[in-house]
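Work through the exercises below with the sequence and the 3D view open. Each task is followed by its solution in steps.

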Amino acid sequence: MPTSDYDPACLPDLLPLYYRRLFPFSQYYRWLSYGGVSKNYFQNREFSFTLKDDIYVRYQSFTTQNELEKEMQKMVPYKVDIGAVYSHRPSQHNAVKSGAFQALEKELVFDIDMTDYDDVRRCCSAADICSKCWTLMIIAIRILDRALREDFGFHHLLWVYSGRRGVHCWVCDDAARKLSVAARSAVAEYLSLVKGGEETLRKVVLSDPIHPFINHSLSVVERYFQQYAIVDQDILGSKESVDKVLTTHIKKDLTIYYQDEKNPMKRWDRLCSSIKKGGQYFDKEIMLQYCYPRLDVNVSKGVNHLLKSPFSVHPKTGRISVPIDLKELNTFDPFEVPTISLICEELERPTADEAEEDDVKDKENEQEAGERRRIRDYKRTSLAKYVKVFDRFLEAMARSWKGEMLKKSGELETSFSVFLTFMSFTYT
């Protein structure tokens, strides 16, 4: 199969190999176990599988990593979604007394889909994306990541490319997983700025003084706006697009000027200078309306809402849903994310030391050999660097867990010392 090609018809043949030799089950289980935060945490987690012919199977749950592996290799899901941690095992929800089966915890999640920007992008529409409009995803990640870390104090954010036209964020801090529906709604509303449907022309309205969060967001947008909106999208380059901007921010005097001036940057400069004379925020509102993140708030508000799993395969593009390294965000290219056909092809390429490694494998315990094989296998493919990003995320969480354990141990030791001191005074 050619490296650059992906044929959806081949997916049934590729998925068994992917789940058997490439899917990072060890890291995946480590993530969703959260250091053994509680005895039933992993086994009470809901998974849903979308099988061939769009057969949808909800309320899947597994006791161990091995059980999850075997079931995914058996069912070969085209898509995997992750849900909440419930009060009981999701696979046994029908046997639980009515009303007792409750969603208790889940990561705070965000879903940003390029289709929600269709009213402000001219290069693509619907499911299509290109390097020009991908800038919107970069802006969204930078704005939301800063706000979630600095305004809300979260630390463990996993950003993931959806595999086609958007990105997801999993906020994995213990405090985030325990948030109530009301608290999730409050966070989502705080981060939502662009409001109104197609009939709403002015979707961003700023008041004086501008909120610090909005000023931080503007500082991000301003870095990208002129190249993205004025040059790449050319939002002032046609009568239709100019009418949209000028109708949103009524400046009728500019219409005459624009008839003679064709340079997009000069058009924007004239718009900004006209607005400044009135001392209004219309230029900032335009920038935010065209570039600010468009959130699906319903995804963030619900505890029992499911979201596509990292390392799931997108059936239409074949691309793997991979973690994004924020240190390389500006150079992240969704079109360079490997397809399942590519990594399966890479897997079949022989290596010089393959025979020697197989000899070693035959001498080891069968289970240990299987784990060695899986680690070696994904490292031989383009998937390796994305698993490494995931590993670094998990290591940071592990350090946090260790720090919390040491803190609790110190608090316990202090409490015990106080108790002993108290007892010594009592009996002397």
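**Exercise 1.** Determine in which hand α2 passes α3, and describe how the two helices pack.

Solution. The crossing of α2 and α3 is right-handed (left-handed means that the near helix is turned anticlockwise from the far one by less than a right angle, right-handed that it is turned clockwise). Helix α2 covers residues 25-33 and helix α3 residues 65-75; their axes lie 10 Å apart at an angle of about 125 degrees. Helices here are DSSP runs (H or I, at least four residues), strands likewise (E, at least two), numbered from the N terminus. Axes are lines fitted to C-alpha atoms, for helices over the stretch in contact, and angles run from 0 to 180 degrees between N-to-C directions. The angle makes α2 oblique to α3 (under 35 degrees is roughly parallel, over 145 roughly antiparallel, 65 to 115 roughly perpendicular, the rest oblique). F25, S26, Y28 and Y29 of α2 make the contact with Q65, L68, E69, M72 and Q73 of α3 (contact: heavy atoms within 4.5 Å).

The model is predicted: local features need pLDDT of at least 70, side-chain atom pairs count only at pLDDT 80 or more, and totals for chains, interfaces and linings use all residues. Residues are numbered from 1 along each chain as its sequence is written, and side-chain values use heavy atoms, with hydrogens and water left out.

**Exercise 2.** State how many residues of α11 are buried, and name them.

Solution. Helix α11 spans residues 282-291, and nine of its 10 residues are buried, so the rest of the structure largely encloses it. Buried means under 20% relative accessible area, exposed over 50%, partly exposed in between (1.4 Å probe, protein chains only). The buried residues are F282, D283, E285, I286, M287, L288, Q289, Y290 and C291.

**Exercise 3.** Find the contacts of S241 outside its sequence neighbourhood.

Solution. Start with the location: S241 belongs to helix α8, residues 239-248. S241 is buried, at 9% relative accessible area. Neighbours within four places in sequence aside, S241 contacts R122, D234, I235, L236 and Y290. Of these, Y290 is also among the buried residues of α11. D234 lies in the loop between α7 and α8 and has a positive phi of about 50 degrees, although it is not a glycine.

**Exercise 4.** Describe the backbone and surroundings of Y59.

Solution. Y59 lies in strand β2, residues 55-60. Its phi is positive, about 55 degrees, although Y59 is not a glycine. With 24% relative accessibility, Y59 is partly exposed.

Definitions and conventions. A charge sits over a ring if NZ of Lys or CZ of Arg is within 6 Å of the ring centre and within 35 degrees of the ring normal.
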